[in-house]
Amino acid sequence: MNLRVVALTVLTMAAFAANSLLCRLALAGTTIDAASFTAIRIACGAAMLAVILRSQGKRPMAGGSWPAAAMLFAYAAGFSFAYRELTAATGALLLFGAVQIAMLGYGFFRGERLGLLPSLGLLAALAGLGVLLIPGFETPSLTAGGCMVGAGLAWAAYSLLGKGTSNPTEATAGNFLRAVPFAAVLGLATMGTANVDRTGALYAALSGAITSGLGYVLWYAVLPRLKATSAATIQLSVPIIATLGGALLLAEPITGRLLIASVAIIGGIALVISSKR
């Protein structure tokens, strides 16, 4: 792996972790509401991806599908509503754990079987999620934790729907554009409680256009140069980066329970991934 690929990979993982930080910064430090954050994020992501494809002479709506767009919207909405209460670290761990466990569960449903060590790893990851979901520990409410787990399940479904896509950038652009009407409906439904301030809108725009839109483009550019197991292992860094970022930028505490849950979730999934080599 050359230095350029390493640099792009690190930048991409930082961008994915920054989504958690930006959302938490907006919903905890500004007056923007979760629905408005979701709508601005999706709209700006769609605009950025459309501009990129137009510059390449491609049609932005050529790829993607409505079912995938619905899952993308469900992920973004659950993500935003969860971060009204969750810390950046807890949210990132719940999201990551739910996505990976759902993907493993789908593989099991399709006939894949796990050996003893990966089975123990999966049980450890589930136990770590359980620790985070107990109200009063790291999760202020079961509702917030449930929203993030739901976001993770939606992202897993989105990933499975896009599996085997010949041009993932085109598919992502099409899905973002198709998700805009869903976000608009959510905005209309919550208009009575909507509130948007400049700083919150800026965080949402950065999350959509930069850390989501450009982040996905970078990831799909570097992904073909990574082995499947390497790509899966590298993604283990996202919740770690989010945890460190939350501590440094948001002054969020790194508690003993959070560390235990992190080791259980990340270590357990790493055990499953390593067994697939």
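This is a predicted model: local features need pLDDT of at least 70, side-chain atom pairs count only at pLDDT 80 or more; totals for chains, interfaces and linings use all residues.
Helix α2 runs over residues 34-55, which makes 22 residues, and from its first C-alpha to its last it reaches 32 Å, close to the 32 Å expected at 1.5 Å a residue. At the start of α2, the backbone nitrogen of Ala35 has a side-chain oxygen of Asp33 within 3.3 Å, while just after the helix Gly57 takes a positive phi of about 75 degrees.

Coming back to Thr38, its relative accessibility is 1%, and because of that value Thr38 counts as buried. If we leave aside residues up to four places away in sequence, Thr38 touches Phe73, Ala76, Ala77, Ser80 and Leu186.

Now to the charged pairs. Side chains of opposite charge can pair when their charged atoms come close. How many salt bridges does the count come to? The count comes to two, and I will take them in turn.

In one of them, the side chains of Glu252 and Arg24 meet at 3.6 Å, N to O. This pair links distant parts of the chain, since Glu252 sits in the loop between α10 (237-249) and α11 whereas Arg24 belongs to helix α1 (residues 3-29), and the two are 228 residues apart. Please note, too, that Glu252 and Arg24 are both buried.

The other salt bridge joins the side chains of Lys58 and Glu170, at 4.0 Å, N to O. Lys58 lies in the loop between α2 and α3 (66-82) and Glu170 lies in helix α7 (residues 168-189), so this pair ties together parts that are 112 residues apart in sequence. With 30% relative accessibility, Lys58 counts as partly exposed, whereas Glu170, at 18%, counts as buried, the cut-off for buried being under 20%.

Finally, the surface. Which residues make the nonpolar surface patch of about 580 Å²? The patch is made by Leu116, Leu117, Leu120, Leu123, Leu126 and Leu271. Helix α5 (residues 116-133) gives the most to this patch, with five residues, while Leu271 has its place in helix α11 (residues 256-275). Leu271 has a relative accessibility of 30%, and therefore counts as partly exposed.

Definitions and conventions:
Residues are numbered from 1 along each chain as its sequence is written. Side-chain values use heavy atoms; hydrogens and water are left out. Helices (H or I, at least four residues) and strands (E, at least two) are DSSP runs, numbered from the N terminus. The expected span of a helix is 1.5 Å times one less than its number of residues. A polar contact is a pair of N or O atoms within 3.5 Å; within protein, one must be able to donate a hydrogen and the other to accept it, and residues adjacent in sequence count only if both atoms are side-chain atoms. Patches are made of residues with over 30% relative accessible area and no salt bridge: like charges are joined within 9 Å, nonpolar side chains (Val, Leu, Ile, Met, Phe, Trp, Tyr) within 5 Å. Accessible areas come from the Shrake-Rupley method with a 1.4 Å probe; for residues, only the protein chains shown count as cover. Buried means under 20% relative accessible area, exposed over 50%, partly exposed in between (1.4 Å probe, protein chains only). Contact means heavy atoms within 4.5 Å.
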